[in-house]
Amino acid sequence: MSLTPAMPQKRMSLTAQKAMDFYVDVSQQLIDSEQNTLVKVERLSAQAALVHRGWPTRRDEAWQYTPVNSFLQHEFSPKGVSELDMAKLQAYLPEHDVIRLVFVDGHFDDSLSDSLSDLPKGLMIETTADVIALADQPRQLEINTDKMAQEPFALLNTMLYQDGINIEVEAGAMIELPVHLVHVQTVANHASVLRHRVVLQKNSALTLVEHAISLDDELVQMTNHLTELVVGENANLKQVVVQDLNLQSFYFGHQWIEQAAKSVFETLYLGLGGQVARHQNALDMAGEHGFSQQNSVCFVQQSQIQDSRTDTQHLVPNCQSQQLHKYVLKDKARGVFNGMIKVAKDAQKTDGQMDNKNLVLSNEAKMDTKPQLEIYADDVKCSHGSATGQLDEDQVFYLQARGIRKPQAIQLITEAFLLEPLEVVSNPKLANWLQSLVQQRINHLA
């Protein structure tokens, strides 16, 4: 397996080279101690590819609006791990019942998690650390190497990951309780690097929540997640990703999803934190009559950069995909949205819809958006659109005329705008919890 593209090695600045040398050294220590031969080969290949490719710069079209210079000035190590008391974590957890699995600084903590040996029938969960501890375990190598070669932070994930979760839902199993993955960062200059894999077999159903938080508002940290989602025939996967890190942190999340025939995949990304945060979905609709919904909600403030991306590939006929992405930006924040719907030549009767709407609350905030369609079939129904604007003063005046103070009027309008993509969440308790997280941010507008 080779991830190294046939092109000259990229020249890097001194800062970028120093950062590269640091992460190569850290990954080499993991490679030297790795017992799983297949994982060792995977890490070596990713290391060679990243060294050859280099870090992204603004000359890379996909990174034109998301600079990583501030990331390169830090050295994040995956080695630091601390013990965590449940009392410190409790305030961040939802009150409704879930199957809770907690990762502290990138490592599974069984003392804070529900038992993996007492799960509902049809649900199997094991940690990635346990999987790779088995020599030459092949399941860790089912990653899409072609896509990985294009993604520098996916390569970095492969170089450094040590833990994560492997979930499998048996055919016909309908898991009622959501599986809630809690990722907690507690250590300064720490890299939380995780690899997840979720497989739903035929006619099964699961709700998955991934939740990243920082316990300290001042610590600079890095979170790098790579998640593979395989949705089997007629299976139904509902997913929510909540990125609620502190405003000093860096977040890079990749999701690679494959859908079989008649399957349903619904996902919501809630981007609230991070100094630089980038969340990417790469979805292959590979079976007929599949349905997907990809929504995102980003609240961006201060000098944050929030980047959300989707790449939806319609590979077969008669599939439907829908997307709704909404941003609210204030202060000097920057938002980036890039979405692609690509329809293959034989994917007739495709229905692909993508919409991006952005509300800018400050003259210094900025939004860069690029919705795209690439269609090779001739019998399709596809559309994409984007709109960015400021508050409607008539709406503010209307509410003020009914006795509502201006700050509360702005808050109400912003809330109504931002909560629409959350409608994809059908579980009422989960939806209420997500709505409360958004409202906590909007309350600060008043």
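Modeller: Axes here are lines fitted to C-alpha atoms, for helices over the stretch in contact, and angles run from 0 to 180 degrees between N-to-C directions; the model to which this applies is a predicted one.

Biologist: What describes the packing of helix H1 and helix H7?

Modeller: Two packed helices are described by the angle between their axes and the distance between the axes. For helix H1 (residues 14–33) and helix H7 (residues 152–160), the angle is about 35° and the axes are 8 Å apart.

Biologist: Which residues in H1 and in H7 meet?

Modeller: Contact means heavy atoms within 4.5 Å. On the H1 side the residues are Tyr23, Val24, Val26, Ser27 and Leu30, and they meet Leu156, Met159 and Leu160 in H7. The residues of this contact divide into seven nonpolar, one polar and no charged.

Biologist: Why is Asn189 called partly exposed?

Modeller: Buried means under 20% relative accessible area and exposed means over 50%, with partly exposed in between; Asn189 has 37% relative accessibility, and therefore counts as partly exposed. Asn189 lies in the loop between strand E5 (179–185) and strand E6 (191–200), and its phi is near 55°, a positive value in a residue other than glycine.

Biologist: Where does Lys262 lie, and what is its phi?

Modeller: Lys262 lies in the loop between strand E10 (250–259) and strand E11 (264–271), and its phi is positive, at about 60°, although Lys262 is not a glycine.

Biologist: What does the UniProt annotation say of residues 186–417?

Modeller: The unreviewed UniProt entry annotates residues 186–417 as "domain: SUF system FeS cluster assembly SufBD core". Over residues 186–417 the chain is 9% helix and 59% strand, with the end C-alpha atoms 33 Å apart.

Note on methods:
Residues are numbered from 1 along each chain as its sequence is written. This is a predicted model: local features need pLDDT of at least 70, side-chain atom pairs count only at pLDDT 80 or more; totals for chains, interfaces and linings use all residues. Side-chain values use heavy atoms; hydrogens and water are left out. UniProt positions are given in the numbering used here, feature names are shortened, and annotations may be inferred rather than shown by experiment. Helices (H or I, at least four residues) and strands (E, at least two) are DSSP runs, numbered from the N terminus. Ala, Val, Leu, Ile, Met, Phe, Trp, Tyr, Cys and Pro count as nonpolar, Asp, Glu, Lys and Arg as charged, and the others, Gly among them, as polar. Buried means under 20% relative accessible area, exposed over 50%, partly exposed in between (1.4 Å probe, protein chains only).
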